[in-house]
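Biologist: Could you take me through this model, and say at each step on what grounds a term is applied?

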Amino acid sequence: MKSLLAFNALLLATTLIFSNDYIPFSQVTRSGIDSLPTRQLVWSDEFNDNSLPDTTNWKYEVGGNGWGNNELQYYTARRAENARVENGKLIIEARKEVYENKNYTSARLLTRGKVEWKHGRIEVLAKLPSGRGTWPAIWMLGSDIQAAGWPRCGEIDIMEHVGFDEGIVHGTVHTETYNHAKKTQKGQQVQVKDVAQAFHLYAIEWTAEKIDFFVDKQKYYTVEKAVLGENVAAWPFEQPFYLILNVAVGGNWGGQKGVDETIWPRHMEVDYVRVYQ
Ligand SMILES: [Ca+2]
């Protein structure tokens with residue numbers, strides 16, 4: 001196991017490049033995964049059956065309301081064009097087509113009410129879409145969102161990527177105290193040049209004290225309760241969270257440099273989601 005990890009670290013040194021605008025490579029912690037307590041796989045979806053996504057695990061959020069970000073797509077449900085499992089992968093596909101008065105369709109799958117987790121390692125092996133106007137995300141929201149609202153429920157963005165800035169992966173948390181609306185969210189970016197050509201493992205390690213963010217085996221960011229604050233406004237991460245996978249089109253961030261109308265369809269491929277506790 002140790003030698004495998006060392007080998008992975010070598011591989012990463014060649015594929016993960018931390019530019020000067022982001023984290024100096026020398027400051028990235030490489031030992032994170034070695035120091036983890038022993039964990040067991042408690043849940044996974046390997047996407048093995050060629051069909052629609054398994055409704056035991058996934059539900060859909062449906063609509064074209066812009067999703068708080070002026071996004072351009074209509075999210076559909078149980079529509080293979082937008083979400084399907086094939087060849088061992090979940091495909092979430094954004095398409096240019098008129099649908100319910102929107103000009104794009106896509107899908108947003110979530111585990112809310114199906115399976116939710118408090119603490120653990122959540123990892124998703126995925127290949128991202130490229131192109132201006134794509135905005136894929138692998139992220140989590142606190143299960144009390146309906147009562148508490150956003151951002152008090154808390155949000156953990158395991159991976160976000162916008163097509164106009166290809167190769168820059170973002171890991172972020174939002175809380176009532178620290179959030180995007182106030183421009184005080186806590187996050188970090190890391191350069192991963194071949195996000196659209198290769199599968200990478202996007203993961204968090206979440207404990208009562210902190211959340212570490214990883215690409216592949218490389219930890220690139222940590223948020224700590226002791227730094228952000230003990231109260232629920234600062235640290236809402238002491239409750240179950242559910243996972244969301246989606247590909248948005250345009251929107252306040254994804255569409256900041258416009259949308260290339262010639263590239264569609266574009267999709268995110270997810271090989272698996274695994275959760276260890
Ligand atoms: Ca798979």
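Modeller: The mean pLDDT of the chain, where pLDDT is the predictor's confidence in each residue from 0 to 100, is 90, and 87% of the residues reach 70 or more. This is a predicted model, in which local features need pLDDT of at least 70 and side-chain atom pairs count only at pLDDT 80 or more, while totals for chains, interfaces and linings use all residues. Residues are numbered from 1 along each chain as its sequence is written.

Biologist: What makes you careful about residues 1–20?

Modeller: Over residues 1–20 the pLDDT stays under 50, although the model has 25 contacts for them beyond four places in sequence, a contact being two C-beta atoms, placed from the backbone, within 7 Å. Residues 24–35 are also below 50. Where pLDDT is low, the predicted coordinates should not be read in detail.

Biologist: Why is strand S13 called mostly covered?

Modeller: A residue is buried if 20 or more other C-beta atoms lie within 10 Å of its own, exposed if 12 or fewer, and partly exposed in between; 6 of the 7 residues of S13 (residues 200–206) are buried.

Biologist: How do you know that S8 and S13 pair?

Modeller: Pairing requires that DSSP finds at least two bridges between two strands, strands being DSSP runs of E of at least two residues. Strand S8 (residues 120–127) and S13 have 7 bridges, in the antiparallel sense, so the two strands pair by that definition. Within S13, His200 is the bridge partner of Ala126.

Biologist: What joins S13 to S14?

Modeller: A hairpin connects S13 to S14 through 3 residues, and 5 antiparallel bridges join S13 to S14 (residues 210–215), with Ala203 opposite Phe214.

Notes:
Helices (H or I, at least four residues) and strands (E, at least two) are DSSP runs, numbered from the N terminus.
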